[in-house]
Amino acid sequence: QAQLVESGGGLVQPGGSLRLSCAATGDIFGLNTMAWYRQAPGKQRELVASIVDGGRTNYADSVKGRFTITKDTAKKTLYLQMNSLKPEDTAVYHCNIARYYITGVVDLDNDYWGQGTQVTVSS
């Protein structure tokens, strides 16, 4: 059964860095969209960064220039390098691997989520 397991979260001071990893098991790393989302207490989940077939990336305005999403297909692992962290980056971060139709609608039978990893930015 396909599964995503995140790691790399923790407590870091403002201005610090963390690298999140998302290891995939099962035959899902070939799905066309991989992404990181985050959800802070009392807020809606938001898309942080995504990478699609062909390597095109997309970032939330709040993290552009600070975060980088990459993937290692051989290791079936998705990464999120986070630099210059701010207190407002504090949240639970989830990875997502999914197949989207050309219409932009997600295929619910191929939509996988990790359990989340806590990132806390505080002095």
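User: How many bridges join β9 to strand β10?

Analyst: This is a predicted model, where local features need pLDDT of at least 70, side-chain atom pairs count only at pLDDT 80 or more, and totals for chains, interfaces and linings use all residues. Residues are numbered from 1 along each chain as its sequence is written, and side-chain values use heavy atoms, leaving out hydrogens and water. Strands are DSSP runs of E, at least two residues, numbered from the N terminus, and two of them pair if DSSP finds at least two bridges between them. β9 and β10 (residues 106-113) run antiparallel, and the number of bridges is 4.

User: Which residue in β10 is the bridge partner of asparagine 96?

Analyst: Happy to point you there: β10 covers residues 106-113. Across from asparagine 96, the partner in β10 is tryptophan 113.

User: And which residue takes a positive phi in the hairpin of β9 and β10?

Analyst: There are 5 residues between the strands of this hairpin. The residue with a positive phi, near 95°, is glycine 104.

User: Which residue in β11 stands opposite alanine 91?

Analyst: β9 also pairs with strand β11 (residues 117-121), in the antiparallel sense and over 3 bridges. Within that pairing, alanine 91 faces valine 119.

User: How many of the 10 residues of β9 are buried?

Analyst: A residue is buried under 20% relative accessible area, exposed over 50% and partly exposed in between, using a 1.4 Å probe and protein chains only. β9 is mostly covered, and the count of buried residues among its 10 is 7.

User: What is the bridge partner of arginine 38 in β9?

Analyst: Arginine 38 is in strand β4 (residues 33-39). β4 runs antiparallel to β9, and 7 bridges join the two. In β9, arginine 38 is partnered by tyrosine 93.

User: How far apart are the N and O atoms where arginine 38 and aspartate 89 meet in a salt bridge?

Analyst: Side chains of opposite charge can pair when their charged atoms come close. A salt bridge here is a side-chain nitrogen of Lys or Arg within 4 Å of a carboxyl oxygen of Asp or Glu, and the whole structure has 5. For arginine 38 and aspartate 89, the N to O distance is 3.0 Å.

User: Is aspartate 61 buried or exposed?

Analyst: Aspartate 61 has its own salt bridge, with lysine 64, at 3.2 Å between the closest N and O atoms. Because its relative accessibility is 63%, aspartate 61 is exposed.

User: Which cysteine forms a disulfide with cysteine 22?

Analyst: A disulfide is a pair of cysteine sulfur atoms within 2.5 Å, and the count by this rule is 1. Here the sulfur atoms are 2.0 Å apart, and the partner is cysteine 95.

User: Is the disulfide of cysteine 22 and cysteine 95 right-handed or left-handed?

Analyst: This pair links distant parts of the chain, from strand β3 (residues 18-25) to strand β9 (residues 91-100), 73 residues apart. Cysteine 22 has a relative accessible area of 0% and is therefore buried, and cysteine 95 is buried because it too has 0%. The torsion about the S-S bond is about 55°, so the disulfide is right-handed.

User: Which residues is serine 21 in contact with, leaving aside its neighbours within four places in sequence?

Analyst: Serine 21 sits in strand β3 and, because its relative accessibility is 16%, counts as buried. Contact means heavy atoms within 4.5 Å. With those neighbours set aside, serine 21 touches Val5, Glu6, Ser7, Trp36, Thr77, Leu78 and Tyr79.

User: What is the order of the 4 strands in the open sheet?

Analyst: The edge strands, which each pair on one side only, are β1 (3-7) and β7 (67-72). β7 is joined by 6 bridges to strand β8 (residues 77-82), with phenylalanine 67 opposite methionine 82. Pairing in the sheet is antiparallel, and the order is β1-β3-β8-β7.
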